[in-house]
There are 2 protein chains.
Amino acid sequence: MVTSRDVARLAGVSQPTVSRALTDHPRVSEATKRKVREAARALGYSTNAIGRALSVGRSNRIGLVVADLENQFYANMIAPLHDELERLGHELVLITESAASAPLPERVAAHGLAGVVLSTTTVDSVQPARLRDRGVPFVYLNRVAPGVRADAVTVDPETGVREIVAEAVRLGHTRIGAIFGPRNTSTGELREQVVREVLDEHGLGLAQRDVLHGPFDFDTGRDGFRTLRERAGGPTLVLCGNDVVALGVLNAAAESGVPVPEHTSVVGFDDLPTSRWALVRLSTIAYDLDEVARESARLVVARLREPDAETAHIVYPTHYVARSTVSAPRT
Amino acid sequence: MVTSRDVARLAGVSQPTVSRALTDHPRVSEATKRKVREAARALGYSTNAIGRALSVGRSNRIGLVVADLENQFYANMIAPLHDELERLGHELVLITESAASAPLPERVAAHGLAGVVLSTTTVDSVQPARLRDRGVPFVYLNRVAPGVRADAVTVDPETGVREIVAEAVRLGHTRIGAIFGPRNTSTGELREQVVREVLDEHGLGLAQRDVLHGPFDFDTGRDGFRTLRERAGGPTLVLCGNDVVALGVLNAAAESGVPVPEHTSVVGFDDLPTSRWALVRLSTIAYDLDEVARESARLVVARLREPDAETAHIVYPTHYVARSTVSAPRT
DNA sequence: CTGAAAGCGCTTACAG
DNA sequence: CTGAAAGCGCTTACAG
């Protein structure tokens, strides 16, 4: 391995000077910098991240905590998050959260992470408090825990929900159902609350039997659709907690030969790339998913630099995108 | 931050003893180990990965080099790879390969990586040689570069191709087309060669106008389908370089209202989870994708431990999975 | 503008 | 079985 010592020797300077020259320290002469850079290039040297990390007391690595890497939603977050982090000179490390694994703060220490993006926080999670107590910088992505203040980027469902509900009413839907996300997530809670409010404003309610809850995954949608159908044919329109759930619904419908939207209209939330496929054309509540992910990257990195800055909560707007899974109700 | 010094103080031993106790060194008394573990637990201590990495001369971090994180194929590799690596006590770092970025070996050094999984190697790539010259342990995943020997896990298309071709012949297809992967990848090359051979055995050929090449992505399939169609209606069956390409084809067909398989049959390669959706039901050549990813994790880790061991090339078998995108040709 | 020194948190021969 | 010492590759006050 070629180290800064080797470069120093070749350039005829001291090792610390190599360090300064390569980080473009202002009080190093241009001539020296040039010499050092040249030597570095000649040897194919690049700074050892581990040495630097130990020296400055922290790495440039950010952990993304996800529950389920297979989930398309997270899969779609990773690319923009990684890109933005890289642009900012940081690395992405994936951390899966499983009951079996060690407590998060210890894993953060073990991995030598500078900060963390939490994308799977439940309302009752102890993680945020633990991270805060240990002084680990973190940001909430898409979700938030009520007790612990931290930078956050989330999405405001209101506009999107208003738009789809207005559309549903206009089309004549009266029996609307929902497969909401888990009750112990801020995202699930908020979306449900907004849906109920807006429906209420239109004099519509959600019948108990037409409401389901479950994790934001494919199976929730698939099983949910079947359950709903058994209850007197099911609602004529079902609002899903997110796109992955809606995709589960769509596939279950296809399996049972139920035509969408003729028999049942389906609405998602997130507007994943897959939802735009001609094969799918899911009507959904959209927002700038890539930007949301990128923003969370910016927030952690900013927090690293200014640990005591005012906490920021950035909220992205949503809107309804009509595609092919919503029509007038069956009669 | 709590360090091994703090633990040492609390346990009333020296710092090196803490290190030994926690790594379960055989020549530390059980009593001491117990004392140290307890102190560590009390303080919420866990070994600092950076300190350890610097000390032992390398980290436990493995880089996965991908070209395109958005690509579903890679997205599906990440989860099993990550899980297996974690199981083996290693971390996954994502590295995107872009023309703009620094040479790979320098990035590996910069990231302090122990080894690398190469999943995007082209036949003419300089990366493998560079990594080899720098002594960076790496394995090929799914692809291989001819010049440089290294551990590899790949897939043998033969059985799968034989099965689908036999089926196509049985159904009466005579005008078969293909959208192959890039010519400069071993995967693309091999699949094309096998397809040509097997077709040949059946006395069938691939007409020049019915053959396309392109990156293994969605757009290749979408554009490819359109191009093929313009040429006298196109082939009655198209073999795709992989599932992502086939998915592009399927969506382009849906967009243009071309019924699959009635008008055109479509075959993929990889059997991604999405291909199994009721909405999709892609007939494809399948293999154990998760196992392939996991195996590559095992290979790098093994290589770390035994740098001079015999090089291993593990090949997984394929088979054809008939679903809903292949039928008798239109007449 | 540059060098010598100290230190980041660990591991690992070396003594005893 | 355990401690003192050295060192991994860097950065950063401290001198000059």
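Start in chain B and select β7, β6, β8, β9, β10 and β12: in that order they make an open sheet of six strands with mixed pairing (strands are DSSP E runs of at least two residues, helices H or I runs of at least four, numbered from the N terminus; strands pair if DSSP finds at least two bridges between them). At the edges stand β7 (211–213) and β12 (319–321) of chain B, each with a single partner strand, so one side of each has no neighbour in the sheet.

This is a predicted model, where local features need pLDDT of at least 70 and side-chain atom pairs count only at 80 or more, while totals for chains, interfaces and linings use all residues. Residues are numbered from 1 along each chain as written, chains are lettered from A and ligands numbered from 1 in the order written, and side-chain values use heavy atoms, leaving out hydrogens and water.

Next, zoom in on β6 (176–180) of chain B: three bridges join it to β7(B), and the two run parallel. B:Ile179 has B:Leu212 as its bridge partner there.

Now move to DNA strand D. Of the 27 residues around it (a heavy atom within 4 Å), A:Ser19, A:Arg20, A:Tyr45, A:Ser55 and B:Thr32 come nearest. Colour that surface by type and you get 10 nonpolar (Ala, Val, Leu, Ile, Met, Phe, Trp, Tyr, Cys, Pro), 13 polar (the others, Gly among them) and four charged (Asp, Glu, Lys, Arg). Select α4(A), which gives the most to this surface, with five residues.
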